[in-house]
There are 2 protein chains.
Amino acid sequence: MGRSPLWTAIRDHITEDIARGQYAPGDRLPTEAQLADRFGVNRHTVRRALADLAEAGMVHARRGAGVFVRHRPTAYPLGRRVRFHQNLTAAGRVPERRILLLETRIANAEEAEALQLETGAQVHVYEGLSLADGAPIALFRSVFPAARFPNMLAALRSSQSVTAAFAAHGLGDYTRARTEITAKPATPTLAAQLQLPAGAAILRTVAVNVDGAGLPVELGRTWFAGDRVALTLGAEGL
Amino acid sequence: MGRSPLWTAIRDHITEDIARGQYAPGDRLPTEAQLADRFGVNRHTVRRALADLAEAGMVHARRGAGVFVRHRPTAYPLGRRVRFHQNLTAAGRVPERRILLLETRIANAEEAEALQLETGAQVHVYEGLSLADGAPIALFRSVFPAARFPNMLAALRSSQSVTAAFAAHGLGDYTRARTEITAKPATPTLAAQLQLPAGAAILRTVAVNVDGAGLPVELGRTWFAGDRVALTLGAEGL
DNA sequence: GTCAATTTGTACGTATGTATG
DNA sequence: ACATACATACGTACAAATTGA
């Protein structure tokens, strides 16, 4: 036996193959038996290497099916300005947004407080699903003060873009004032909407966007599929 | 073989023994051979159980010496809900901090890549528990390049502060280069350490700190109890 | 829907290497 | 130097889940 264990060399070899694109996300690796044969080691030695890769989240084994390269969790930068479509497109993934609900109703207590509205004020609600490469990434629900943005729903229906809808109301620039992140198991309905197994972990963010004067213009709540998303804070984000 | 694998029963048995105080923090477990004999299984089956416990940080194996129980919190204020808002920028300031492990070892692949070390390089590991009002909030594990910070462990042992330990090595200023946040259900052992029900949601953050020149100095991984913590990002934090 | 082949998971066995005390 | 104890690595066999004919 050399300096370092045999299985580490195998792990590194497979890691490099994945990094080089030899095995792409979603691909199935050769079977354990084939890998053992190729590297000239016992199947258990391969399994030790695969166990390390699985622990690091690079691959995922399915009994009877094979070992698969994981999709890297979709990076979702949390910055002053979130650009969902640009970021996903830059990552080579196909972004999609599906409208689930557009309505106007009375703000509840939490919404009224966050948006600094009086009780009983009306808000527009925009609820939808964000997808990448066809897989649901997040369920979002945004509320806007109806008095200030009277045509919000129509604007959202045509563009699906919050930024564009704000621009249609003369609001060119808005920034994120506060974000709160928690985690909890998915409720059955939420799991179904995100196409996750029941009880899967959910990343919940609550964010408030404000205009240039600091007035709240949007309360956005998002429920991310915990294993499909990695919220990232870049250096500029701290 | 029954419904669930043999090794899980052995893992749970040992977990309960530790919880009951049969094996106290710092104690050495019986040898793998003794455990195999006691449970009437092969030594490898015991090793599979121990590997699971080690991965979650409940025990720690030292070649030639034995398997040791890590320090865990004793008090368990049941049903106590802690309201705790931790700001990421002030992540180093928590009411209480408990050291679970201080050791030096070879960096694994993920750590070596994040810290830009060559494979086989040594790292110092600082693992501990953050608590508020006696309830566990988060488990953290930080690794530092050993070559650059030779006295890290001693500095951490005396101060418990990463900032102070860096300062003792002449590093006055360091910044967060990248933070990644994901969510997933707690493993049984992690749930035990954070005193959560099995399957509870975990907020996992991975952060890299760099010095003024942009060189990585710390890879910090933290597992937050999803329902006891709300990570908040203020406007100044974006 | 069933059956058979494939593939990973579990469990045991044996031997040897390497660090500890 | 020596015994102890974990780490690695080989081997065998069968169970359980998946897949495709």
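Which atom of DNA strand C lies 3.2 Å from a polar side-chain atom of B:R63? A sugar or linking oxygen of DNA strand C does. Several elements give two or more residues to the surface near that strand: α3 (43–55), β1 (59–62) and β2 (66–69) of chain A, together with α1 (6–20) and α3 (43–55) of chain B. Helices here are DSSP runs of H or I with at least four residues, strands are runs of E with at least two, and both are numbered from the N terminus.

First, some ground rules. This is a predicted model, in which local features need pLDDT of at least 70, side-chain atom pairs count only at pLDDT 80 or more, and totals for chains, interfaces and linings use all residues. Residues are numbered from 1 along each chain as its sequence is written, chains are lettered from A and ligands numbered from 1 in the order in which they are written, and side-chain values use heavy atoms, leaving out hydrogens and water.

Back to the DNA. A residue is near the strand if one of its heavy atoms lies within 4 Å of it. There are 26 residues around DNA strand C, and A:R43, B:L6, B:H44, B:T45 and B:R62 come nearest. The element α3(A) gives the most to this surface, with three residues. By type, the surface divides into 10 nonpolar, eight polar and eight charged residues. Here Ala, Val, Leu, Ile, Met, Phe, Trp, Tyr, Cys and Pro count as nonpolar, Asp, Glu, Lys and Arg as charged, and the others, Gly among them, as polar.

Which parts of the DNA face the protein? A side-chain N or O atom of A:H44 is 3.0 Å from a base nitrogen of DNA strand C.

UniProt, in an unreviewed entry, places "domain: HTH gntR-type" at residues 4–72 of chain A. Such annotations may be inferred rather than shown by experiment. The span is 52% helix and 12% strand, and its end C-alpha atoms lie 28 Å apart.

Now the rings. Rings of Phe, Tyr and Trp (its six-membered ring) pair if their centres lie within 6.5 Å; planes under 30 degrees apart count as stacked, over 60 as edge-to-face and the rest as tilted. Over all chains, the count comes to seven aromatic pairs. One is A:F144 with A:F166, edge-to-face at 5.6 Å centre to centre and 80° between the planes. A:F144 lies in strand β6 (residues 135–145) of chain A and A:F166 in helix α7 (residues 162–168) of chain A, so the pair ties together parts 22 residues apart in sequence. Both are buried, meaning under 20% relative accessible area, with exposed over 50% and partly exposed in between (1.4 Å probe, protein chains only). Ring pairs also link A:F144, A:F149, A:F166 and A:Y174 into a cluster.

Charges can sit over rings as well (NZ of Lys or CZ of Arg within 6 Å of the ring centre and within 35 degrees of the ring normal). The charged end of A:R48 sits over the ring of A:W7, 3.8 Å from its centre. A:R97 lies over the face of A:F140, at 4.9 Å from the ring centre.

Finally, look at chain B. B:E218 lies in strand β9 (residues 216–225) of chain B. Is B:E218 buried or exposed? B:E218 counts as buried because its relative accessibility is 7%. Its side chain joins that of B:S142 in a polar contact of 2.6 Å. A polar contact is a pair of N or O atoms within 3.5 Å; within protein, one must be able to donate a hydrogen and the other to accept it, and residues adjacent in sequence count only if both atoms are side-chain atoms.
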